[in-house]
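Please keep the sequence and the structure at hand while reading.

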Amino acid sequence: MSKQRKAPLQPGATSPTEAVPLLSRTESIESWGLSNPHELLVSASSHQQHSHELHRPPTFAPVGWRDRLSSKSNIETWAFPGWGRYNLQMTVTDEELAKIEADMDHRQPPKLNQWEATAICGNDIMASCLYVVGLVTVSAGKMAPVALLMVSCVLYLIRYLYAEAITALPMNGGSFNVLLNSTSKGIASFAATLALVSYIATGVVSATSAIDYLDKVVRVPHPLLAILGLLFLFAMLVLMGIKESAGVAQIILVVHIFTLTLLCVCSAVYVICDPSTLRENLNTPFPDVQLGGIIRSGSFATALFFGYSSAILGVSGFESSSQFVQSQAPGVFLKTLRNMWVGAIVFNPMISFLALGVLPLARIVEDESVVLAKMAKHVGTWVVGRGGGDGGNGLGVGEGGGGKWLEVWVSLDAFLVLSGSLLTAYVGVCGLISRMAADRCLPQFLLHRNKWRRTTHNIILGYLCLSAALVLILDGDVTDLSGVYSLAFLAVLLLFTFGTMLLKFKRPSLPREVTVSWVSVVVAFIMIFIGLLGNLMGDPQVLLVFLAYVAAVGALVLGMFQWTKLLRFAVLMLRGVCPGVSTQALQRELALAQAVPSVFFCKADDVYVLNKALLYVTANEQSRHLMVIHVHDKEKSPPPLLAKHVESFDTMYPKVKCSLLIIEGHFGPPLIEFLHQELKVPVNMMFIAAPDETFKYKLDKLGGVRVITH
């Protein structure tokens, strides 16, 4: 049964109370010109004289359309989007909303619990000890445990920055989400580009490192094929769904924590029984550093600075939880941050200290990429030696023999947990790209979900192909790519901190579960910047490689983000260079891209807020149709001046068609879903002003509605 609404008065109507023909809701929407232009139909004959310029793409402007424009307005006929409508009305009943809400609840996928979510993002940060212990020791020498402890303290601050920002904006996307809701889409897209580079590098480096560790236990005859096979295996796992992936991730994380605990206990017993290696390492001088191509003598300051800069890479993966926050049950996100921080502060400094007590410093530097495996071999040999009754420190058995059991165990665990990092990369990139595509920063086909498992197969397979191509191009040598990952990760972390600052400054009214002081935000920003600076000073050549990767990924994002500007440029260039060439196809494509409306929910007839919304859409969206929607209860009346203000703005900004729709109903997630279905407008193209503590809903419940004004 179709619902009905009051039709706007026709020209010549003598009284506002005079009866007018009624249209069904579907016909009304089509006649208003609000549908997706690919699906527009001819409206009822009684309304054709009102909407003839609305139900077709605005390639041809109506006669007399310039009468409302200023004589100084410079707009081409083919670029004119048409005039809006300012008296559209609709009633959405409680029964309709209840039905939609029930359908939304039925379609809600199962959420991840604390341990499932922690396993997905935690494997990455818990795997960091496999490479960061040796890396930091090369830079900091005997100060390595102190540097890692400093990073754990900084991570404590970062933990609460993420807690404030994501509880205020609990949607997927990480830094992209925070910056998108606090600044322009261009800045958010730049942060997303860096995050994509980071995830691409993470997948390739993790898969390569995992096979390298496996090769130490079982000879891998074709490493490149093994890397490609590992990438394919985890792509298939993610295609099964995030819930299934979480189960595998949990097993990997439990095994890894048990292995690290066993290694730490055995190493601690060794150091207690024989502290001579620790004493010798603590008496070694600070490592030399290379600055500007010149080798300089190391000092306490250089050891701490470069050690900290290397150690901060050990928190990679901490940002991943924010990429799939909407898949987590309520309250789980904060627990994942806590769990990851506990894992980092417990194991990284401890293993670094124990490494100084087990292996000579020169040995750690020599075997920096496999320090834990060498520790395991040394300690395992000692344990077997003591068990066999060998006196002294138990090293009489030698470096081989029975001591290899622990080395094999640690190497297999390294293979598993680095594979788990690959899973983190897949899940993170799916959340990020889905959010970017929904906000029209990437092609829409990436949002397609398969009917089998309802997963975004285009993103997963695309990431698989890109990673596989990179492995083949680099021939398995990921040295430069590791440096690219380091800079990309730190840049994303820095931009997230900057986004948190903007959020505190520009969106102070947004409700949030955690609030951190400005001092904490500024200190975290400075410490992350120091880490980024230290990595650049340590290896300045990697900056060029990093910029090349950013440019390659950024070109795709920029091309999509500026698609309408590129089309407009193409039309103007063809008209100037080849006047005889028809540009009708380009004009139509431009019109179709711009005709899908953006929606702004407006509570009052506030010209300041309306102007801010219009300026935001003009600067950040491809759409050139802004639909202002006011929702009011049955007992209330709409703001009396709102229609007049919208009409004025429609005249003031002729490049954007402004329309007004008054809805009698209740604002909330069901109404947003209703408008999404009826108007064919993506939820991510619906905007609101920043809500306050009295707002009834959390932003994640609104399905991706964006905050664009104070």
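The model is a predicted one.

**The second largest pocket**

The second largest pocket holds about 1400 Å³ of space. Its lining is made up of 45 residues, and L135, L313, E368, S482 and S486 are the ones that lie nearest the centre. Several elements supply at least two lining residues each, among them α5 (129–140), α8 (185–217), β4 (289–291) and α12 (300–311). The largest share comes from α8, with eight residues. By class, the lining of this pocket has 17 nonpolar, 21 polar and seven charged residues.

**Helix pairs**

Helix α8 also takes part in two of the pairs tabulated here.

| Pair | Axis distance | Angle | Handedness of crossing |
|---|---|---|---|
| α8 and α16 | 8 Å | about 160° | left-handed |
| α8 and α17 | 10 Å | about 65° | right-handed |
| α10 and α13 | within 9 Å | roughly 40° | left-handed |

The axes of α8 and α16 lie 8 Å apart at an angle of about 160°. The two helices are therefore roughly antiparallel to each other. Their crossing is left-handed. The contact between α8 and α16 involves 21 nonpolar and nine polar residues, with no charged ones.

The partner of α8 in the next pair is α17, which spans residues 457–474. Here the crossing is right-handed. On the α8 side, Y199, I200, G203 and V204 meet Y463, L466, S467, L470 and V471 of α17. Seven of the residues in this contact are nonpolar and two are polar, while no charged residue takes part.

The remaining pair joins α10 (residues 242–273) and α13 (residues 332–358), whose axes come within 9 Å and cross at roughly 40°. That angle is why α10 counts as oblique to α13. The crossing of α10 and α13 is left-handed. From α10, the contact uses I257, L260, T261, C264, S267, A268, Y270 and V271. From α13, it uses F347, M350, I351, L354, G357 and V358. Which classes of residue make up the contact of α10 with α13? There are 11 nonpolar and three polar residues, and no charged ones.

Key: Residues numbered from 1 in each chain as written. Predicted model: local features only at pLDDT ≥ 70, side-chain atom pairs only at ≥ 80, totals over all residues. Heavy atoms only, no water. Axes fitted to C-alpha atoms, helices over the stretch in contact; angles between N-to-C directions. Helix = DSSP H or I, 4+ residues; strand = E, 2+ residues; numbered from the N terminus. Parallel < 35°, antiparallel > 145°, perpendicular 65-115°, else oblique. Left-handed = near helix turned anticlockwise from the far one by under 90°. Contact = heavy atoms within 4.5 Å. Nonpolar A, V, L, I, M, F, W, Y, C, P; charged D, E, K, R; others polar. 1 Å grid on protein atoms, 1.4 Å probe; cavity = no way out; pocket = protein on both sides within 12 Å on 5 of 7 lines; lining within 4 Å. Points joined across faces, edges and corners; volume = space filled by probe spheres on them.
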